[in-house]
Amino acid sequence: MEGAIARHTVASAQRLCRPGKQWAAPPGLRRLHRNYRAPAANLAEPSTNGAEKKYDYDLFCIGAGSGGVRASRVASGTYGAKVAVCEMPFSPIASDELGGAGGTCVLRGCVPKKLFVYCSTFSSEFKEAQGFGWHIPGQPSLDWPAFLSKKNKELQRLNGVYKNLLNNSNVEFIEGRGKLVDANTVEVAGKRYTAKNILIATGGRAVVPPFEGHEHCIISDHALEIQQVPKRIAIIGGGYIAVEFAGIFAGLGSEVHLVFRQDLPLRGFDEEVRKFASEQYQENGMTLHPGQSPTRVVKNDDGTFAVTVASKAGEETTLEVDVVMAATGRKPNVRNLGLEAAGVKLHEKTGAIVVNDYSQSTAPSVWAIGDVTERMALTPVALMEAMALTKTLFGGQPTKPDHTYVPTAVFSNPQIGTVGYTEEQAAEKFGDIDVYSSSFRPMKNTISGSPGKMLMKLIVDANTDRLVGCHMVGPDSAEIMQGMGVAVKMGVTKSQLDSVVGIHPSAAEEFVTMRSATRKIRAKQPVAA
């Protein structure tokens, strides 16, 4: 496969060369030939019926989100492939016909969400400043339309930035919705394009559960465009999107009701983290409704909503709110892509594109990365998968994406940072583990008057001394966890961590000063620490 890729990549680069100028292979392509290896055993070679076919492009990408843009830029800019990417016109709210270069993360996800988080934290900072002696006359007020205007101006700028990134890498940007005609043909706005390889990077879409009155619910797209901060809001869901928006609206002054089916929010996270975060959410003014599911939403005559939720035992409670937000999850965005015509198989349960270890679908010429594959729905993971894919297709280095020890953060209030195994997962996998856990009030809060606490936790494989899990709840968790993520990924041991000198005074130093195990587990059972 690599030999065929090398041939069409060189040909593509030659086509890009100006007439009369001799083409010289860039370093990436010179390495490709010099480092040629046999194809990986489970990479299927697209059928050409014995003849080398000619295509309009070496790679055609459907979707100009983070993963699609990264793959397209690297394929063209680093390896000299002829690449095109299609994406729908820009809109802050996605639809079947609207999207925008930058994708979910940049336009209606991570980036605007983080701006909302920043905006919402000032209310507590005004209060905490008074604890340090600052006198703030009057009541600070928020000009919400002004904030929204600045947020949207930034999104439009970023949309342009992503288009420029593609243009500067010689990637052709085609505006419109792409659909597969077959495994080597994409149709956009009535025009067909052929490509040796097609990449599906269309991300995911929010899902609203089918209960009575679900049409009255907004999703995260709408929440990021909300024209007025609601006095009361019910958020349905217990995942990271739900808790993040709960923290945002609580910080903006809304009465927040968080409704979720489990006993605790953030299923899949470390249990101690879940319990601690729940306590802190309530300290920060959110009302939690655990073990509850929505049964119906009724719009009142005055435009407000009556949300009825029921416990597992069937006991019902009605919440009167101004806005109802559904944050119950997302599903792969595969609708009307023509995948069936190309022979691309989808998971029966999730609808995600089935891919092998190299991001190759069941149609050998069609590849998929990011949320549409539902492997790990994180923007940095899509970027990593894109880099692995370009090495596989154009770098002569079949590369599997590495999904182990991926750090991540939840930008709730307080923040959560995590990398590696939860305590429960580690006990199951390794059998013998040592757990180091510390909860305390951060220095700032001793003066500010805030009751907030933070949690820091290490999980160690007792047989190898390797750090296999690291978790944190509290201010700056995301920033601190990025550094700890490097350590965990590189296989740091607890002894090595203990040898590091801490930065004082800081919360982060706790990770290198915890000496005594809080609890120990041997053969999957708790023992005396």
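In the predicted model, Phe132, Trp134 and Ile447 form a nonpolar surface patch of about 360 Å². Trp134 belongs to the loop between α5 (110-131) and α6 (144-168). With a relative accessible area of 59%, Trp134 is exposed.

The crossing of α5 past α8 is left-handed.

Salt bridges in the model number 23. One of them joins the side chains of Lys163 and Glu175, with an N to O distance of 3.7 Å. Lys163 lies in helix α6 and Glu175 in strand β3 (residues 172-175), so that the pair links distant parts of the chain, 12 residues apart. Lys163 is partly exposed at 30% relative accessible area, and Glu175 is partly exposed at 44%.

A salt bridge is also found between Arg192 and Glu187, whose closest N and O atoms are 3.1 Å apart. Here Arg192 is exposed, at 52% relative accessibility, whereas Glu187 is partly exposed, at 27%. Asn197, located in strand β6 (residues 191-200), is buried, with a relative accessibility of 2%.

Asp357 and Lys400 pair through their side chains at 3.7 Å, N to O. Asp357 is partly exposed at 42% relative accessibility, as is Lys400 at 45%. A network of salt bridges links Asp270, Glu272, Glu423, Lys457 and Arg519.

Technical notes. Residues numbered from 1 in each chain as written. Predicted model: local features only at pLDDT ≥ 70, side-chain atom pairs only at ≥ 80, totals over all residues. Heavy atoms only, no water. Patch = residues over 30% accessible without salt bridge, like charges linked within 9 Å, V, L, I, M, F, W, Y side chains within 5 Å. Areas by Shrake-Rupley, 256 points an atom, 1.4 Å probe, with all protein chains shown as cover. Salt bridge = Lys/Arg side-chain N within 4 Å of Asp/Glu carboxyl O. Helix = DSSP H or I, 4+ residues; strand = E, 2+ residues; numbered from the N terminus. Buried < 20%, exposed > 50% of the residue type's maximum accessible area, 1.4 Å probe, protein only. Left-handed = near helix turned anticlockwise from the far one by under 90°.
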